[in-house]
Amino acid sequence: MASVVLSIGSNLGDRLAHLQSVVSGLRGAVRAVSPVYETAAWGGVEQGPFLNAVLLADDPGLDGPGWLRRAHEFENAADRVREQRWGPRTLDVDIVSCHDGDGEVRSDDPVLTLPHPLAHQRAFVLVPWLAADPEAALRGIPVTELLAAIDAGERDGVRRTDLALVP
């Protein structure tokens, strides 16, 4: 696996530090980092706002399951608790898309579905992704088109902050 798109989010504790832990943990593998955005929680569970960002990273030694293991390592280091689906969390690391030498990897495995099955519906993923990669595409569709199909209110709810992650 050569590259990955990761969506990272946090709404508990030191939200920015939790996001930075992923960037720092990936060290030289990070090739692009989006600005940091603040968004209302998604999924219908009452909770505080999230900080969100997208990272693009390369590591030819990792495949989809390898990236998933890394994502879980970061979440575990942040003491992520999985008590409620779409509930509050210290750190959420989602694999949006993986690419190898042949293009975008697709998987219907219930443990790791690629590309992420809901990414095309989430402005909090698409807005930062476009900021990190204006040419981004998901399943061959430009992310600009996917974002345009999302309700304007949801798009407007993804607010850029003055916070930054340091690669």
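L91 sits in the loop between α2 and β5, where helices (H or I, at least four residues) and strands (E, at least two) are DSSP runs numbered from the N terminus. The model is a predicted one, so local features need pLDDT of at least 70 and side-chain atom pairs count only at pLDDT 80 or more, while totals for chains, interfaces and linings use all residues. Residues are numbered from 1 along each chain as its sequence is written, and side-chain values use heavy atoms, with hydrogens and water left out.

With a relative accessible area of 0%, L91 is buried; the label "buried" means under 20% relative accessible area, "exposed" means over 50%, and "partly exposed" is in between (1.4 Å probe, protein chains only). L91 and L12 are 79 residues apart in sequence, yet their C-alpha atoms are 7.8 Å apart in space. Setting aside residues up to four places away in sequence, L91 touches a list of residues that includes H18, L19, S21 and V22, along with F74 and A78. Contact here means heavy atoms within 4.5 Å.

Now for helix α1. It covers residues 15-26, and its 12 residues should span 16 Å at 1.5 Å a residue; the end C-alpha atoms are 18 Å apart, which agrees. The expected span is simply 1.5 Å times one less than the number of residues. An α-helix has 3.6 residues a turn, so residues three or four places apart point the same way. The buried residues of α1 are H18, L19, Q20, V22, V23, G25 and L26. These buried residues pack against strands β1 (3-10), β2 (30-33), β4 (50-58) and β5 (92-100), and against helix α2 (64-77) too. Just after α1, R27 takes a positive phi of about 45°.

Strand β5 comes next. V96 lies in this strand and is buried, with a relative accessible area of 1%. Its C-alpha atom is separated by 8.3 Å from that of V125, 29 residues apart along the chain. Not counting residues up to four places away, V96 touches V5, L6, S7, P115, H116, A119, V125, W129 and L138. S97 is also found in β5, and it counts as buried at 0% relative accessibility. Beyond its neighbours within four places in sequence, S97 is in contact with S3, V4, V5, E104, W129 and L138. With E104, the side chain of S97 makes a polar contact of 3.0 Å. A polar contact is a pair of N or O atoms within 3.5 Å; within protein, one must be able to donate a hydrogen and the other to accept it, and residues adjacent in sequence count only if both atoms are side-chain atoms.

A search of the whole structure turns up 7 salt bridges, each being a side-chain nitrogen of Lys or Arg within 4 Å of a carboxyl oxygen of Asp or Glu. One of them joins the side chains of R31 and D58 (3.0 Å, N to O). R31 lies in strand β2 and D58 in strand β4, so this pair ties together parts that are 27 residues apart in sequence. R31 counts as partly exposed at 48% relative accessibility, and D58 is partly exposed with a relative accessible area of 32%. R89 and D92 form another salt bridge, their closest N and O atoms being 3.5 Å apart, and both residues are buried. D94 pairs with R122 in a salt bridge, with 4.0 Å between the closest N and O atoms. D94 is in strand β5 and R122 in the loop between β8 (113-114) and α3 (123-132), 28 residues apart, and the pair links these distant parts of the chain.
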